[in-house]
Amino acid sequence: MTASEIRQQFLDFFASKGHQIVPSAPIVIKNDPTLMFTNAGMNQFKDFFLGNKVPASKRVVDTQKCLRVSGKHNDLEEVGIDTYHHTMFEMLGNWSFGDYFKKEAIAWSWELLTEVYKIPKEKLYVTVFQGDASENLPKDEEAYNFWKQHIAEDRILLGNKKDNFWEMGDTGPCGPCSEIHVDCRPEEEKKLVDGKTLVNADHPQVIEIWNNVFMQFNRLKDRSLEPLPAQHVDTGMGLERLIRVMQNKTSNYDTDLFMGTIHATEGLSGKKYAGTDDKKDVAFRVIADHIRAISFTIADGQLPSNTGAGYVIRRILRRAVRYYFSFLDVKKPLLHDLVPVLAAQFSHVFPELQQQADFVKKVIFEEENNFLRTLDSGIRRIEDFIQNATTKAVDGRTAFELYDTYGFPYDLTSLIASENGFSMDLEGFNAAMKEQKDRSRAATELDMGDWVVLDETPDSIFIGYEQLEGTTKLLKYRTV
Ligand code: ATP
Ligand code: MG
Ligand code: MG
Ligand code: MG
């Protein structure tokens, strides 16, 4: 089954259970000071859970573009190294706003995985919240008992607060969650650890695919809990992981979701992808991952820049450039040429990329060119430093010089440092940064990134780029 068919089946399955199919919210969040990018399917529905707004439909299903590279969820270090954490990914979700609860959510997730997708039951196990006496949180007996109707008890594991209890914030809606994991190890390997209970993410081939959150409590300021007047279901399943399981692969990158980009990168670089842990193969994976994050965020209205959300995108982009420069031996812009590949691949799901492909490509090309101007000398600078260092540490001043003179984001220097067994000094870096800011405060206070926002009231949404004049990008907004 193709990625598109698998995505569609999820939507169709829940539509058949009375859910309305709704579009993904933009991956870029403009009007929330606490969040720069959508990091979970529930973000766009927050007001329904808080009771501030009433949904048009009590049952909803969607696939949500998510980005996890900053704040509470930062998976950047994992990307390309492990085979199942991405910067940008699609989170499939079904939602009940004060409608069905644990019984249906559990029964339907089981039905979908085992009867529609036909994932062998022996590969699946689930986790249920074990309770936490110190926080006065009860064990989720209800979920346990519903699961018992579908799956053998030795496949229901109890999990702690970190993995199995969800809270929106310090106060507000919260509740236990129940996760579904797939054990993709070959039979003979399973036998090696016979008798030992699997633990969350204990093995690279045992992966979490689906989280079912049951919002049933309201957390008050004094930390006590009261039942919510209406109970909600919020689920999230990583599409890329599901496809990997469905296509029987040992890596998300080996699926049709990523292989198109990987093949295109092979063509552009003249190198072959072999799927190993070799640096060259990591580079292929990092590029296949990062180009998605960069393209979709730009298409949703966030240009790379030197501040805030724009800098997050610039960091991801520069990281990708360094990977092809150092490990695929490509010395000229490459990423922008992958945009048409992605745009065509996603035209039926996220047409916004296709619609703006030329612009997105142009922005990425400019960014690559800019960074490539200083990357080579920056790499020589750090290699030189590493060779002559007396201790295995990159001091803050050098990290800052790499940032300031060569455009190396801190995390890029940190990546190169760790490849060489060197530590970093974040405090020293911040101090050097502050010193420079103090010197040129007036200039930084005026810095808005390299874009001008025409109209960004809380009630407007981004609908596309209007024109490109020199380096000033004018953005189009529509009032909602
Ligand atoms: P993990 O423990 O693997 O980091 P998580 O517990 O942080 O995942 P949730 O917040 O429960 O993830 O999100 C719901 C689902 O989204 C996960 O079960 C997984 O399938 C998917 N997911 C989460 N983070 C990523 C990521 N960085 N890349 C791809 N899929 C992800
Ligand atoms: Mg995580
Ligand atoms: Mg987890
Ligand atoms: Mg989880």
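This is a predicted model: local features need pLDDT of at least 70, side-chain atom pairs count only at pLDDT 80 or more; totals for chains, interfaces and linings use all residues.
## Around ligand 1

Let us start with the ligand. The shell around ligand 1 holds 17 residues, and those that come nearest are Asp75, Phe89, Asn211, Gly236 and Gly238. By class, this shell is made of seven nonpolar, five polar and five charged residues.

Four elements each supply at least two residues of the shell: strand 5 (88-97), strand 10 (206-219), strand 11 (225-238) and helix 7 (239-246). Strand 10 gives the most, with four residues.

## The nonpolar cores

The largest nonpolar core counts 103 residues, and Ile287, Ala320 and Tyr324 have the most contacts inside it. Helix 9 (residues 279-299) brings the largest share of this core, eleven residues. Both domain 1 (3-246) and domain 2 (255-449) take part, as the core draws at least three residues from each. Another core lies apart from it, with 14 residues, among them Phe385, Tyr406, Ile416 and Phe429.

Neighbours within four places in sequence aside, isoleucine 287 is in contact with Thr265, Ala320, Tyr323, Tyr324 and Leu335. Two of these partners, Ala320 and Tyr324, were already named with Ile287 as having the most contacts inside the largest core.

## Threonine 297 in helix 9

Helix 9 also holds threonine 297. Threonine 297 is buried, because 30 other C-beta atoms lie within 10 Å and 20 or more are enough to count as buried. Setting aside neighbours within four places in sequence, its contacts are Ile27, Val28, Leu67, Gln302 and Ile313.

Where does isoleucine 27 sit relative to threonine 297? The two are 270 residues apart along the chain, yet their C-alpha atoms are separated by 6.1 Å.

## Cysteine 66 in strand 2

Strand 2 (residues 59-67) contains cysteine 66. This cysteine counts as buried, with 25 C-beta neighbours inside 10 Å. Beyond its neighbours within four places in sequence, cysteine 66 is in contact with Ile27, Thr38, Asn39, Ala40, Met88, Phe89 and Met91.

Leucine 228 lies 162 residues from cysteine 66 along the chain, and the C-alpha atoms of the two are separated by 27 Å.

## Helix 4 and its two faces

Which residues of helix 4 (residues 141-148) are buried? They are Ala143, Phe146 and Trp147. Seen down the helix axis, these buried residues fall within an arc of 100°, so they line one face of helix 4.

The face turned away from that buried side carries the exposed residues Glu141 and Lys148. The cover over the buried residues of helix 4 includes helix 3 (102-116), strand 6 (124-129), strand 7 (156-159), strand 9 (172-183) and strand 10.

## Helix 7, enclosed

Seven of its eight residues are buried, so helix 7 is largely enclosed by the rest of the structure. The buried ones are Leu239, Glu240, Arg241, Leu242, Ile243, Arg244 and Val245. Helix 7 is also among the elements that supply at least two residues of the shell around ligand 1. Just after this helix, asparagine 248 takes a positive phi of about 55°.

## Loop residues worth a look

Two loop residues have a positive phi without being glycines. Lysine 118, in the loop between helix 3 and strand 6, has a phi of about 55°. Lysine 118 is exposed, with 10 other C-beta atoms within 10 Å. Arginine 223 has a positive phi of about 75° and is placed in the loop between strand 10 and strand 11. Arginine 223 counts as exposed, with 10 C-beta neighbours inside 10 Å.

Glycine 51 belongs to the loop between helix 2 (46-49) and strand 2. With 14 other C-beta atoms within 10 Å, glycine 51 is partly exposed. Glycine 175 is 124 residues from glycine 51 in sequence and 16 Å from it in space, C-alpha to C-alpha.

Notes
Residues are numbered from 1 along each chain as its sequence is written. Chains are lettered from A and ligands numbered from 1 in the order in which they are written. A residue is near a molecule or strand if its C-beta atom, placed from the backbone, lies within 6 Å of it. Ala, Val, Leu, Ile, Met, Phe, Trp, Tyr, Cys and Pro count as nonpolar, Asp, Glu, Lys and Arg as charged, and the others, Gly among them, as polar. A nonpolar core is a set of buried Ala, Val, Leu, Ile, Met, Phe, Trp, Tyr and Cys residues joined through C-beta atoms within 7 Å. A residue is buried if 20 or more other C-beta atoms lie within 10 Å of its own, exposed if 12 or fewer, and partly exposed in between; C-beta atoms are placed from the backbone. Domain bounds come from an automatic or database domain assignment. Two residues are in contact if their C-beta atoms, placed from the backbone, lie within 7 Å. The arc is that of the directions from the helix axis to the C-beta atoms.
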